[in-house]
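This briefing sets out selected features of one protein model, grouped by topic. Please consult the sequence and the structure shown below while reading.

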Amino acid sequence: MVISSKANPEIKRISSLAEKKFRNQYGEFIVESVKAVDECLSAGMSVSEIVCTASLADRYENPLVVTNELFARISTEKSPQGVLAVVKKPDTSVRAPNGSCILLDRLQDPGNLGTVIRTANAAGYDDIYLINCTDAFSPKAVRASMGGIFYVNIHEGGYDGVFSALDVVPLVCADMDGEDIFAFKPPEKFCLCIGNEGGGVSDILKERCRFTVKIPMRSTCESLNAAVSAAVAMYVLKN
């Protein structure tokens, strides 16, 4: 059976996952594109449903098959590839990290957040703490993570809960008032703190940071993009 109506109850539920309140209500999020869905399955994520067009139906086990027109209507991609997975959200409660980790303070751009997750996975940071950030499981953030979201632990909480989990982990704040990051010798285990795109790290977080580092720049450049700053700092501190 090929579904063609957006009024179908399951299609309506899946479409609603484009909004954060429904992702929270159902405890699920969307992964879209052939490569992303295949990687999601390979990573062992808990997939509750696969929706695809007829041309891809033989690629997956028991998919929900829809018309090309309906898939284009429910897709969040500019150029839909004809497949998406409905994935169970992992546990995002705040727990102590396994090793060096990242703390993102009020990051609001989903593209930036997804890029940080992608880089953290590449650089070997398994735990990412989010305080008042945009949703890591939004379609845009998931897309920007390029599969990284399947391999890291996302922890969502407030300042008190995150500080408690990181109680014995030295916090390293990225801020223009810090010392040159290329001369800084980090402790064996640390938490890199990256602030809001416009305002940087909050005062409450700065007060808890044991170290402050900066990425040196020419005088003609005021600042770097948050995701770029995070990427440079992650690799420099690991070396």
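Helices (H or I, at least four residues) and strands (E, at least two) are taken as DSSP runs and numbered from the N terminus. Ser33 lies in the loop between β1 and α3. The model is predicted, so that local features need pLDDT of at least 70 and side-chain atom pairs count only at pLDDT 80 or more, while totals for chains, interfaces and linings use all residues. Residues are numbered from 1 along each chain as its sequence is written, and side-chain values use heavy atoms, with hydrogens and water left out.

**Backbone**

- Ser33 has a positive phi of about 105° although it is not a glycine.
- With 14% relative accessibility, Ser33 counts as buried (buried means under 20% relative accessible area, exposed over 50%, and partly exposed in between, with a 1.4 Å probe and protein chains only).
- Arg106, likewise not a glycine, has a positive phi of about 65°.
- Arg106 is found in the loop between β5 (101–105) and α5, and is partly exposed at a relative accessible area of 22%.

**Pockets**

- A pocket is defined on a 1 Å grid over the protein atoms alone, as an open set of points where a 1.4 Å probe fits, with protein on both sides within 12 Å along at least five of seven lines; lining residues have an atom within 4 Å of a point.
- Grid points are joined across faces, edges and corners, and a volume is the space filled by probe spheres set on the points.
- The largest pocket holds about 510 Å³ of space.
- Its lining comprises 24 residues, and those closest to the centre are Ala174, Met176, Gly200, Ser223 and Leu224.
- At least two residues of the lining of the largest pocket come from each of β8 (171–180), β10 (211–214) and α9 (226–238).
- By class, the lining of the largest pocket has 11 nonpolar, 8 polar and 5 charged residues (Ala, Val, Leu, Ile, Met, Phe, Trp, Tyr, Cys and Pro count as nonpolar, Asp, Glu, Lys and Arg as charged, and the others, Gly among them, as polar).
- The second largest pocket has a volume of about 270 Å³.
- Of the 18 residues that line the second largest pocket, Glu32, Ser33, Ala36, Glu77 and Arg143 lie nearest its centre.
- Two or more residues of the lining of the second largest pocket are given by each of β1 (28–32), α3 (34–42) and α6 (139–145).
- The lining of the second largest pocket divides into 8 nonpolar, 5 polar and 5 charged residues.

**Aromatic rings**

- Rings of Phe, Tyr and Trp (its six-membered ring) pair if their centres lie within 6.5 Å; planes under 30 degrees apart count as stacked, over 60 as edge-to-face and the rest as tilted.
- By this rule, there are 6 aromatic pairs.
- The rings of Tyr125 and Phe190 form an edge-to-face pair, because their centres are 6.2 Å apart and their planes stand at 70°.
- This pair links distant parts of the chain, 65 residues apart: Tyr125 is in the loop between α5 (110–123) and β6 (127–131), and Phe190 in the loop between β8 and β9 (191–194).
- Tyr125 is buried, with a relative accessible area of 0%, and Phe190 also counts as buried, at 2% relative accessibility.
- Tyr159 and Phe163 are 4 residues apart in helix α7 (residues 159–165), so about one helical turn separates them; both are buried.

**Charges over rings**

- A charge sits over a ring if NZ of Lys or CZ of Arg is within 6 Å of the ring centre and within 35 degrees of the ring normal.
- Over the ring of Phe163 sits the charged end of Arg208, 4.4 Å from the ring centre.
- Over the ring of Tyr125 sits the charged end of Lys238, 4.8 Å from the ring centre.

**Cysteines**

- The structure holds 0 disulfides (a disulfide is a pair of cysteine sulfur atoms within 2.5 Å).
- Cys191 is in no disulfide, and the nearest cysteine sulfur, that of Cys101, is 3.6 Å away.
- Cys191 is buried, at a relative accessible area of 0%.
- The sulfur of Cys221 lies 18 Å from the closest cysteine sulfur, in Cys173, which is too far for a bond.
- Cys221 counts as partly exposed, at 32% relative accessibility.
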